[in-house]
Amino acid sequence: MLGAKVRAMGDEWLRKFLALPSSLKQDLGVFAGVWDLYQLPIVMNGVRAGIVGLNLAAVNHACVPNCALTIINKYAKDENGNIKTGESPMVGRAVVRALKNIPKDEEITVAYFYGKGQQKARELFSWTEFGFFCSCKACMQPKDVIEIAMDKYWKVERILNHPDTVDLYPAMAFKSAQEVISRLLTCQIRDARVAMIWAKCAMIAGYHSDIARAMCFLAKAYRMLAVLEGSTGVFYRQILIWYETPMVMPGFGATTRGLSTAIEGRNMLDERDVKEKLFMTAAKSDEYIRIHRYHRLSDAKAKQKGSRYLLLPEKPIKPKGAQKLLEPDASKSEHFPKHRDEPTAPETVHRSGSGTSNLKRNKDKPSDNTSKGKPQVSKSHSQASAQEMSSSEVCTDPHWDMLDFIRELMADNLDLFPDYHSPTVPEAAKKKKKKKKKSKKGKGSAQAGGNTQQEQSTPAVKEL
C-alpha cells in the first residue's frame, strides 16, 4: 500500500523515499523497512498503531516541540452521506499546527509521546517503547529550567492521579498544578500536557461539587485545545461537553466541601488575576476554601496588603430552634443534616429559672383537665415528657441528667409525691403544704374522703 502511494507521487518522490534509511529488518521489505523506522506511534480505536505520511515522515520528535499533531479520523458514510455508526473509523489525515512563531531554518517537530522526567528517564522511555534514542535539542543539550520542569511534571502527574490527594489534599493538588503549569509555560511547552493538568484540576473541583472552579479550569483547557487540535479534536470535544455540563464529569459531587454555582464560575471568568482564588494558594494542604469566602480588594488595598483577595470567615449556620423528638413515622432527614461535611451550629437552649420545671409552669396555667379542685391524670409521664421536650424550653444542660429531672418533678408536685422531702422545695409548695395541715383540723368525714382519694391516686402515679 505504501509503495503504491509513493509511486503515485511520481519518480522524484519514489527516488527520495527509497533513499531514506531503513530499519534493515530481514523480514521487512524496502517500503516496510522505511515505515518501521519512521512510523509515528498512535493509539487508534484502543489499539496501538503506527502511521507514516509522505510529508509527515519529515517531522521528527522533540520533547519540547514547536508544533502539535492532530489525527483526524475518517468515518465511512452511506449513499445518503450519513456516517455509518457500526464501522470503525480510519485515519483520514494528520494536521500539524504551530505552537509558536517558528524562525526560518528551524526544524518542525512534534511530540511522538509527551516526555516527562529528566533526560535519562526520557531516553530510556523512548528506547523501550518506540525503539529509538531521543536526540532532540532538549535531550542533546539539557537545560536546568527544562529538566526541572519535566521532573516536576512527572511528580505532579502522579499526585493528581492519586485518589487520596483528590479526596484529602485538594489544596495541595491545586498548588502543585499551578507550579508545574507555570514552569512548563516558561519553557515554551504549550501542548496537551498543560491541557491535561487543567482537566485533572477540573475533575478534582468537580469531585468536591465546586462548579465555579471546574468551569474555570475547563475553560482554560478547551481554549488551549482549540489551538492544539481544532474543533475536530476528540479531547477538545470532550472538554467542551464537560464545560457546558460539569455534572457529567467522572466522580462529580462525591463531597460538598467546595459547593459553588455556575454563576460564580462565570464571574470568575470575567475577573483578572484569579490565580489566588482559583488555586487556593492561601489554604492548607487538607483545606478546601469555597468561592464565596473570597472578597476582591481594590488595586490600592491589594497593593498595600500584598494580596488581591481578603479571605472571609465561613458563614455560621443559624440554629432553627430546638430539635423535635423523632417520631416513629417521621423521616430521619428532617432531624439530621443533609451533608456530612457541612458544619452545623449546635442548638443551645438555656434553662430559665432555678428549681422550677416546665411542668410546674404549665401547671399554673388554666387547664381543661381540672374540675372541682380534684387532680385528674389524663396523660402519662411519657406523654408529658414528650410534650415538654418538644417545646422551646427544653433543658439541654449536659450536667442535668434524668435523675435531676425526676427530683425536680417530685419537688414541684408534692401533692402527687407527699413522701418526697427536699431541702430545695419552692416557697409556694411550702405554703401549700401548711394550708393542707391547717385544713386537717376540725374536719371529719371530709378528711377521711380526701385521704381516701389521695391514697387511691398516689400509688398509680408511683407505678408510672
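Biologist: Let me start with a detail. Which loop does S209 lie in?
Modeller: S209 sits in the loop between α9 and α10, with α10 covering 211-228. Keep in mind that this is a predicted model.

Biologist: What is phi of S209 near?
Modeller: Phi of S209 is near 65°, which is a positive value in a residue other than glycine.

Biologist: And is S209 buried or exposed?
Modeller: S209 is buried: its relative accessible area is 8%, and under 20% counts as buried.

Biologist: What about M280, what is its phi?
Modeller: M280 has a positive phi of about 50°, although M280 is not a glycine. You'll find M280 in the loop between α13 (275-278) and β7 (294-296). M280 is buried, with a relative accessible area of 0%.

Biologist: Let's step back. How many helices and strands are in the protein chain?
Modeller: The protein chain has 19 helices and 8 strands. Its length is 464 residues, of which 32% count as buried.

Biologist: What share of the contacts with a separation of 6 or more comes from residues 24 or more positions apart?
Modeller: Those residues account for 64% of such contacts in the protein chain.

Biologist: Now helix packing. At what angle do α8 and α9 pack?
Modeller: Helix α8 (residues 170-186) and helix α9 (residues 192-207) pack at an angle of about 165°, and their axes are 10 Å apart. An angle over 145 degrees counts as roughly antiparallel, so α8 and α9 are roughly antiparallel to each other. Their crossing is left-handed.

Biologist: Which residues of α8 and α9 make the contact?
Modeller: On the α8 side they are P170, A173, F174, A177, V180, I181, L184 and L185. On the α9 side they are V194, I197, W198, C201, I204 and A205. By class, this contact of α8 with α9 has 14 nonpolar residues, with no polar and no charged ones.

Biologist: On to the rings. How many aromatic pairs does the structure hold?
Modeller: The structure holds 11 aromatic pairs. One of them is F17 with F31, a stacked pair at 6.0 Å centre to centre and 25° between the planes. F17 is in helix α2 (residues 11-18) and F31 is in helix α3 (residues 30-38), so to speak linking distant parts of the chain, 14 residues apart. Both F17 and F31 are buried.

Biologist: And how are F174 and Y288 paired, stacked or edge-to-face?
Modeller: F174 and Y288 form an edge-to-face pair, 6.2 Å centre to centre with 70° between the planes. This pair also links distant parts of the chain: F174 is in helix α8, Y288 is in the loop between α13 and β7, and they are 114 residues apart. F174 is buried, and Y288 is buried too.

Biologist: Last one: which residues form one aromatic cluster with F174?
Modeller: F174 forms one aromatic cluster with W198, F217, F279 and Y288.

Definitions and conventions
Residues numbered from 1 in each chain as written. Predicted model: local features only at pLDDT ≥ 70, side-chain atom pairs only at ≥ 80, totals over all residues. Heavy atoms only, no water. Axes fitted to C-alpha atoms, helices over the stretch in contact; angles between N-to-C directions. Helix = DSSP H or I, 4+ residues; strand = E, 2+ residues; numbered from the N terminus. Parallel < 35°, antiparallel > 145°, perpendicular 65-115°, else oblique. Left-handed = near helix turned anticlockwise from the far one by under 90°. Contact = heavy atoms within 4.5 Å. Nonpolar A, V, L, I, M, F, W, Y, C, P; charged D, E, K, R; others polar. Buried < 20%, exposed > 50% of the residue type's maximum accessible area, 1.4 Å probe, protein only. Phe/Tyr/Trp six-rings, centres within 6.5 Å; stacked < 30°, edge-to-face > 60°.
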